[in-house]
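Have your viewer ready and follow along.

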Amino acid sequence: MNVVDSSAWLSYFAGDKNSEEFATAIEDIEKLLVPSITLTEVFKCIMRQRDENAALEGIAHMEQGRVVTLDSSLAIDAAVFGLKYKLPLADSIIYATGNKFSAVVWTQDADFKALPNVKYFPKVNAT
């Protein structure tokens, strides 16, 4: 199973230098888990940069995977991971989702860099 964090989704949609790395997880729809918090983050970012229609198109693609909502058990796990690994709230939810389903977390967010079960690709600046 795969969990793709918001930074990786945005990389994929932008077609930047890391997008091919993330395509592996994103395009394997049968194994794709989508934490609901990533819908919020990606929609907000795309809407800010482009418009609502573009944001809705991105979300429609994301919803092809299995959307995992934040329930009380996952929220508590996220709090534990947040404290243990000093993760921001959204990252702790994303990581807890991956952990719950024994999934690999795909990211270019340095907060995840040293964590178990993470495929981290450093963000590449456009030149």
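Let's begin with Ile26, which touches Val4, Ala8, Trp9, Tyr12, Leu32 and His61, leaving aside residues up to four places away in sequence. Keep in mind that the model is a predicted one.

Ile26 is also among the residues with the most contacts inside the largest nonpolar core, alongside Val4, Trp9, Phe22, Val34, Met62 and Trp106. That core has 19 residues. At least two of its residues come from each of helix 1, helix 2, strand 2, helix 3 and helix 4. Apart from this core lies another, with 16 residues, including Val3, Phe81, Leu115 and Val118. As general background, nonpolar side chains in soluble globular proteins tend to be buried together.

| Core | Residues in core | Some members |
|---|---|---|
| Largest nonpolar core | 19 residues | Val4, Trp9, Phe22 |
| Another core | 16 residues | Val3, Phe81, Leu115 |

Helix 1 deserves a visit of its own. Spanning residues 6-14, helix 1 has Ser6, Ser7, Ala8, Trp9, Ser11 and Tyr12 as its buried residues. Just past the end of helix 1, Gly15 adopts a positive phi of about 65 degrees.

Of the 18 lining residues, Leu10, Phe13, Ala14, Ile46 and Gln49 are the closest to the pocket centre. Sorted by class, the lining holds seven nonpolar, five polar and six charged residues.

Note on methods. Residues are numbered from 1 along each chain as its sequence is written. This is a predicted model: local features need pLDDT of at least 70, side-chain atom pairs count only at pLDDT 80 or more; totals for chains, interfaces and linings use all residues. Side-chain values use heavy atoms; hydrogens and water are left out. Buried means under 20% relative accessible area, exposed over 50%, partly exposed in between (1.4 Å probe, protein chains only). Helices (H or I, at least four residues) and strands (E, at least two) are DSSP runs, numbered from the N terminus. A nonpolar core is a set of buried Ala, Val, Leu, Ile, Met, Phe, Trp, Tyr and Cys residues joined through side-chain atoms within 4.5 Å. Contact means heavy atoms within 4.5 Å. On a 1 Å grid over the protein atoms alone, a cavity is a set of points where a 1.4 Å probe fits but cannot get out, and a pocket is an open set with protein on both sides within 12 Å along at least five of seven lines; lining residues have an atom within 4 Å of a point. Ala, Val, Leu, Ile, Met, Phe, Trp, Tyr, Cys and Pro count as nonpolar, Asp, Glu, Lys and Arg as charged, and the others, Gly among them, as polar.
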